[in-house]
Amino acid sequence: MRIVVSGAAGFIGSHLCDRLVAEGHTVVGLDSFITGRRENIAQLADHPRFQLLQQDVSQPFELPGPVDYVLHLASPASPKDYLEHPIATLDTGSLGTRRMLELALRDRARFLLTSTSECYGDPLEHPQKETYWGNVNPVGPRSCYDESKRFAEALTMAYHRVHGLETNIARIFNTYGPRMQLDDGRVVPAFIDQALRGDPLTVYGNGSQTRSFCYVSDLVEGLCRLMDSGERYPVNLGNPREMTIREFAEQIRRMTGSRSPVIFRELPEDDPRQRRPDISKARRLLGWEPKVGLEEGLRMTIEYFRNAPRPAYTGSPS
Ligand SMILES: NC(=O)c1ccc[n+]([C@@H]2O[C@H](COP(=O)([O-])OP(=O)(O)OC[C@H]3O[C@@H](n4cnc5c(N)ncnc54)[C@H](O)[C@@H]3O)[C@@H](O)[C@H]2O)c1
């Protein structure tokens, strides 16, 4: 297939492109580089079946040649990024999703949207099933991301209902692995970076809030299975193993051999208190569940960050 991937130079997009090219597909990556990096996709730069175009998908564009599948991943995704670019985030979720859907419609291509567990907001139901409608503050600082994804889901369903487009929606929960940005503010790279530098690990609130972390290869496998499915309604993809942020900080300290202390800072506004996917739908429909354990996934991620350029890092703190 000839597959268009928006957000191809991002963390998840680059791993997905690796997988699609390895499977024999031709991939056209689109990225504005607002949060992505060319290094993420450098391994594919000279591949005859891969092409990377600099394009903001919220702006008009033409893409010549037939398209079989559109995978729409473009969006700032870390709180630090979308709080810095709230309008661009809303434009990408709305105008960008519309343009990617129109591209799919042009060729009657299939379409997949990467949505997010943030659609559930600070959830009142736990764990979160796809049928839960969410508890989102529509005017809080995080709303630029949460609401743009909720709008993107609604738009995707409208294209399916009105035009009969074959669409899929993945609701992705916290995913981690190599190629995350060290300084994007997400808890996995933040703790690893702080531990490797010997800096204090910063926990927001008292650390009792929970998260569930999915390794990126598991997520990519889930996305590929969803692409092949006929499911039109959202499907949760994430790892149901839940832990508190405090426990997670301790795990990172242990695994890096760091003696960094843990310090506590004020909880940001609207920070979800708990997060765990109910993945029974993905298990049932896709035969999918995460395979990579937290220890194994963290080992590979820590290894990546040990070798990633880090100007002020002077060696192992242990
Ligand atoms: N990583 C996670 O834990 C997670 C969780 C839930 C959902 N998601 C979703 O998965 C997708 C990928 O996330 P990620 O973690 O790889 O983030 P990322 O920031 O690493 O990648 C996003 C990519 O999209 C590009 N982009 C943003 N706006 C664009 C635009 N208007 N036009 C073209 N390119 C644009 C960025 O430059 C970047 O390369 C996002 O849609 C995100 O919302 C990720």
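Predicted model: local features only at pLDDT ≥ 70, side-chain atom pairs only at ≥ 80, totals over all residues.
Colleague: Let's start with the whole chain. How many helices and strands does the chain have?

Modeller: There are nine helices and 13 strands in the chain. The C-alpha trace spans about 55 × 45 × 40 Å along its principal axes.

Colleague: And what share of the residues is buried?

Modeller: Buried residues are 47% of the 318 in the chain.

Colleague: Now a single helix. How should I read one?

Modeller: An α-helix has 3.6 residues a turn, so residues three or four places apart point the same way. Now look at α6, residues 216-227. At 1.5 Å a residue, its twelve residues should span 16 Å, and the end C-alpha atoms are 16 Å apart, which agrees.

Colleague: Which residues of α6 are buried?

Modeller: V216, D218, L219, V220, G222, L223 and L226 are buried there.

Colleague: Finally, the ligand. Which residues come nearest to the ligand?

Modeller: Of the 30 residues around the ligand, those are G7, G10, G36, A74 and A77. Sorted by class, the shell holds twelve nonpolar, 15 polar and three charged residues.

Colleague: Which element gives the most to that shell?

Modeller: That is α1, with three residues. Elements that each supply at least two include α1 (11-22), β2 (26-31), α3 (86-106) and β5 (110-116).

Key
Residues numbered from 1 in each chain as written. Helix = DSSP H or I, 4+ residues; strand = E, 2+ residues; numbered from the N terminus. Expected span 1.5 Å × (residues − 1). Buried ≥ 20, exposed ≤ 12 C-beta atoms within 10 Å, placed from the backbone. Near = placed C-beta within 6 Å. Nonpolar A, V, L, I, M, F, W, Y, C, P; charged D, E, K, R; others polar.
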